[in-house]
Amino acid sequence: MKILVLGAGVLGCTLAMNLFTAGKDVTLLARGDWGRLLREKGLTIRYPLFSRKKKVFLPIVDQLQPDDVYDVIFVVLRFTQLDGILPTLAANASPRIVFVGNNTRCSSFASQLPGKRVMFAFTMSAGHREPDHVSAIDLKRITIGPLQGEDSSQAFIQDMFQDTPYRVTYEANMGDYLLSHACFVLPAAFACYHTDGDLKKIRGNKAYIHLAISAIVEGYAALEQAGHQILPPASASFRSRRYRRSCSLFFHLMCATPLGQLCASDHAMHAVEEMAALNDDLKRIFISAGASCPAWTAMEESAAKYLSPAVITSPG
């Protein structure tokens with residue numbers, strides 16, 4: 001099975017590393033100085049939480065031609081970069097495309113790639129890129145699947161990840177899964193902007209953490225009101241005290257440990273445009289559902305110096 005990982009940020013590099021070291025036929029598409037570095041000196045990933053590193057030399061290309069055929073292409077780019085790559089993917093002969101990462105327009109992207117089997121995925125990896133290596137936390141977990149009602153491709157997914165370190169969760173409704181994920185991620189991003197990337201500033205700030213949790217709950221409720229399923233199933237109990245307690249534990253860990261920088265701040269602070277675009281899409285859903293989200297709007301306002309004024313218009 002020939003695999004292309006298109007995109008050499010943190011997620012793309014960790015995905016390529018894990019598949020390559022498992023013996024898969026993997027090529028990584030990386031451009032510019034970073035691509036030249038990977039080609040000449042190899043891909044190095046440091047795992048600071050475990051004080052270890054890995055280095056591999058894997059095939060590197062800097063473009064995708066129409067006749068470059070792979071069994072599957074993993075597209076691991078920021079949400080705001082996906083529109084630009086669609087014509088290249090549509091012109092390419094590869095039969096399967098997997099978009100990896102935050103996404104609130106899954107149906108739209110899939111519709112622009114007729115004749116291809118399109119899936120979506122989210123990996124539990126985070127970190128940042130240094131000039132000569134990637135610094136990452138990688139839980140080696142991936143959720144992957146099609147849009148609701150589309151071909152499952154479960155046998156292909158199982159074969160693709162066979163003998164890899166990944167714990168794979170199959171999800172048959174990735175569109176709603178990623179909308180739900182965005183509802184959880186954005187309040188965390190707003191907290192990063194509120195603290196200029198230093199979540200330790202709100203450690204012990206119960207009122208602000210309560211506001212963030214309320215924003216998540218409001219977002220889920222608005223999605224549900226708009227007819228979407230809240231996923232994964234554990235999040236469907238978002239109105240319960242137990243769910244709020246689990247969210248509280250998450251925020252306290254983010255604010256009190258290095259996980260806050262590695263899992264939240266590193267990406268949020270370098271992807272403001274992406275977070276703003278995801279937020280715009282969610283707000284349109286909230287408005288169309290007639291949902292009132294005062295906590296969500298308050299979180300946006302606390303992050304206003306990073307977000308454009310258009311983004312923080314109240315949906316209620």
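Visitor: Which residues does Leu278 touch, not counting residues up to four places away in sequence?

Guide: This is a predicted model. In it, Leu278 touches Phe79, Asn102, Asn103, Thr104 and Leu186.

Visitor: And where is the place of Leu278?

Guide: Leu278 belongs to helix α10, residues 272-288.

Visitor: Is Leu278 buried or exposed?

Guide: Leu278 is buried, because its relative accessibility is 1% and the cut-off for buried is under 20%.

Visitor: Which other residues in α10 are buried?

Guide: Quite a list. Among them are Glu274, Met275, Ala276, Ala277, Leu282, Ile285 and Phe286.

Visitor: What covers the buried residues of α10?

Guide: The cover includes α6, α7 (206-225), α9 (259-270) and α11.

Visitor: How many Å should α10 span?

Guide: At 1.5 Å a residue, the 17 residues of α10 should span 24 Å. The end C-alpha atoms are 24 Å apart, so the two values agree.

Visitor: What follows α10?

Guide: Gly290 follows α10, and its phi is positive, near 70°. Ala289 is found in the loop between α10 and α11.

Visitor: Ala289, then. Buried or exposed?

Guide: Ala289 counts as buried, because its relative accessibility is 17%.

Visitor: What does Ala289 touch?

Guide: Leaving out residues up to four places away in sequence, Ala289 touches Ala222, Gln225 and Ala226.

Visitor: Back to Asn102. Where is its place?

Guide: Asn102 is in the loop between β7 (96-100) and α4 (106-111).

Visitor: Is Asn102 buried or exposed?

Guide: Asn102 is buried, with a relative accessible area of 12%.

Visitor: Which residues is Asn102 in contact with?

Guide: Leaving aside neighbours within four places in sequence, Asn102 is in contact with Phe79, Phe122, His181, Val185, His267, Glu274, Met275 and Leu278.

Visitor: New topic: cores. Which residues touch the most other members of the largest nonpolar core?

Guide: Ile73, Leu89, Phe99, Phe120 and Leu282 do. That core has 73 residues.

Visitor: Which element gives the most to this core?

Guide: Helix α6 does, with 15 residues.

Visitor: Which other core lies apart from it?

Guide: Another core, of 37 residues, lies apart. Ile45, Val56, Ala136 and Ile157 are among its members.

Visitor: Why mention nonpolar side chains together at all?

Guide: Because in soluble globular proteins, nonpolar side chains tend to be buried together.

Visitor: Zoom in on Phe120. What is it in contact with?

Guide: Leaving aside neighbours within four places in sequence, the contacts of Phe120 include Val98, Phe99, Asn103, Cys106, Ala110 and Thr143. Ile144, Gly145, Leu147, Met174 and Leu178 are in contact with Phe120 as well.

Visitor: Which residues form an aromatic cluster with Phe120?

Guide: Phe79, Phe99 and Phe109 form one aromatic cluster with Phe120.

Visitor: How many aromatic pairs does the structure hold?

Guide: It holds 12 aromatic pairs. One of them is Tyr193 with Tyr306. Their ring centres are 5.2 Å apart and their planes are at 25°, so the pair is stacked.

Visitor: Which parts of the chain does that pair link?

Guide: Distant ones, 113 residues apart. Tyr193 is in helix α6 (residues 174-194), and Tyr306 is in the segment after α11 (294-302).

Visitor: Which charged end sits over the ring of Tyr70?

Guide: That of Lys2, 5.1 Å from the ring centre. Arg52 lies over the face of Tyr47, at 4.6 Å from the ring centre.

Visitor: Are Cys13 and Cys192 buried or exposed?

Guide: Cys13 counts as buried, at 0% relative accessibility. Cys192 is buried, with a relative accessible area of 0%.

Terms used
Residues are numbered from 1 along each chain as its sequence is written. This is a predicted model: local features need pLDDT of at least 70, side-chain atom pairs count only at pLDDT 80 or more; totals for chains, interfaces and linings use all residues. Side-chain values use heavy atoms; hydrogens and water are left out. Helices (H or I, at least four residues) and strands (E, at least two) are DSSP runs, numbered from the N terminus. Buried means under 20% relative accessible area, exposed over 50%, partly exposed in between (1.4 Å probe, protein chains only). Contact means heavy atoms within 4.5 Å. Rings of Phe, Tyr and Trp (its six-membered ring) pair if their centres lie within 6.5 Å; planes under 30 degrees apart count as stacked, over 60 as edge-to-face and the rest as tilted. A charge sits over a ring if NZ of Lys or CZ of Arg is within 6 Å of the ring centre and within 35 degrees of the ring normal. A nonpolar core is a set of buried Ala, Val, Leu, Ile, Met, Phe, Trp, Tyr and Cys residues joined through side-chain atoms within 4.5 Å. The expected span of a helix is 1.5 Å times one less than its number of residues.
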